[in-house]
Amino acid sequence: MTRRAPYTPHPAFVAPARDYADLWRTALGLLLIETAWGLTMVMLSFDPATAYPLLTTLSHHLTFLAMTLTTFWVVRRLQHRSSASLFGPAERLLPDLIRSASAVSLLFAALYLTPPWGWEGINLARAPVKWALLLPVSILAVLIQTSAEEIVFRGFLQQSLGARFKSPLIWMGLPSVLFGLAHYDPTMPLPITVEHMIWATVFGIAAADLTARTGGLGAAIGLHLATNFLAIVIFSPPGPLSGFALFSFPDIPADAEANPIGLLIDLLFLWMSWMACRIAVRA
């Protein structure tokens, strides 16, 4: 039996962008998207010293609505296509999202609830009942954030570049590198933020691969949703963006050094998550 090429669905996914895949349209569109998001971040920002973490966290995630809505406007005005074309086949979007998010969540549960446990220094951040009551808002906020990033990087950028270039090094690599650079955090120690940027770049490659294999954003959004749910709603460092978390772990010291072994473990977890998504959506 002949095995199907892994990226067979990808040409159909990028097809809606082919007529207006000029590089200037892509560059201008990305500039408009990032500008709209940046301005919204400024308008909705709070002083961390006076704001409640919940309010700060919620407002931060709501800024990603500006990113999504601006992307919808960009593809209609600059590429003359519907915003729905960013997602791929509508019938696969929700099933792939649910299956991939469920698979990754089960994987994380198995990894964190079975020995050997690595819970040293982790404390309860809020009462479990209050956390559970907040869950619908938390999940929706994280979904808004993760879907916005997938719509921009794996939707708009991957489609626009894939419509113009055949090489995955461009349509997969460039959005992933930009996604990694977008995770630079000047408030963190440089070695730590560099490691986070490396991880984010590899995450972008995994999400782009799932998008190319399935021909839509569902699996990538599911992977992103489950990953950020763990990092935002389950565990979080103390600070202004910890408003959704059930547990907190010690803040990163200013003189923290790089931890290559920890990065390799995180990348191993990411590889396992990617494989879990592929199995869940049969890609």
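Student: What should I know before reading values?
Tutor: The model is predicted, so local features need pLDDT of at least 70 and side-chain atom pairs count only at pLDDT 80 or more, while totals for chains, interfaces and linings use all residues. Residues are numbered from 1 along each chain as its sequence is written, and side-chain values use heavy atoms, with hydrogens and water left out.

Student: How many helices and strands does the protein chain have?
Tutor: Helices (H or I, at least four residues) and strands (E, at least two) are DSSP runs, numbered from the N terminus. Here there are eleven helices and three strands. Their order is α-α-α-α-α-β-α-α-α-α-α-β-β-α.

Student: Why is the chain as compact as a globular protein of that length?
Tutor: Compare the radius of gyration, taken over C-alpha atoms, with the globule rule, 2.2 Å times the number of residues to the power 0.38. The chain has 19 Å, close to the 19 Å that the rule gives for 283 residues, so it is as compact as a globular protein of that length. Its C-alpha atoms fill a box of roughly 55 × 50 × 35 Å along the principal axes.

Student: At what angle do helix 5 and helix 10 cross?
Tutor: Axes are lines fitted to C-alpha atoms, for helices over the stretch in contact, and angles run from 0 to 180 degrees between N-to-C directions. Contact means heavy atoms within 4.5 Å. These two axes come within 7 Å and cross at roughly 35°. Residues of helix 5 in the contact include Leu97, Val104 and Phe108, and those of helix 10 include Ile221, Leu225 and Leu230. The contact residues divide into twelve nonpolar, five polar and one charged. Ala, Val, Leu, Ile, Met, Phe, Trp, Tyr, Cys and Pro count as nonpolar, Asp, Glu, Lys and Arg as charged, and the others, Gly among them, as polar.

Student: Which residues lie nearest the centre of the second largest pocket?
Tutor: On a 1 Å grid over the protein atoms alone, a pocket is an open set of points where a 1.4 Å probe fits, with protein on both sides within 12 Å along at least five of seven lines; lining residues have an atom within 4 Å of a point. Ser105, Ala226, Phe229, Leu230 and Ile234 lie nearest the centre, among 15 lining residues. Helix 5 gives the largest share, six residues. By class, the lining has 14 nonpolar, one polar and no charged residues.

Student: Where is His80?
Tutor: His80 sits in the loop between helix 4 (64-77) and helix 5. Its phi is positive, about 50°, although His80 is not a glycine.
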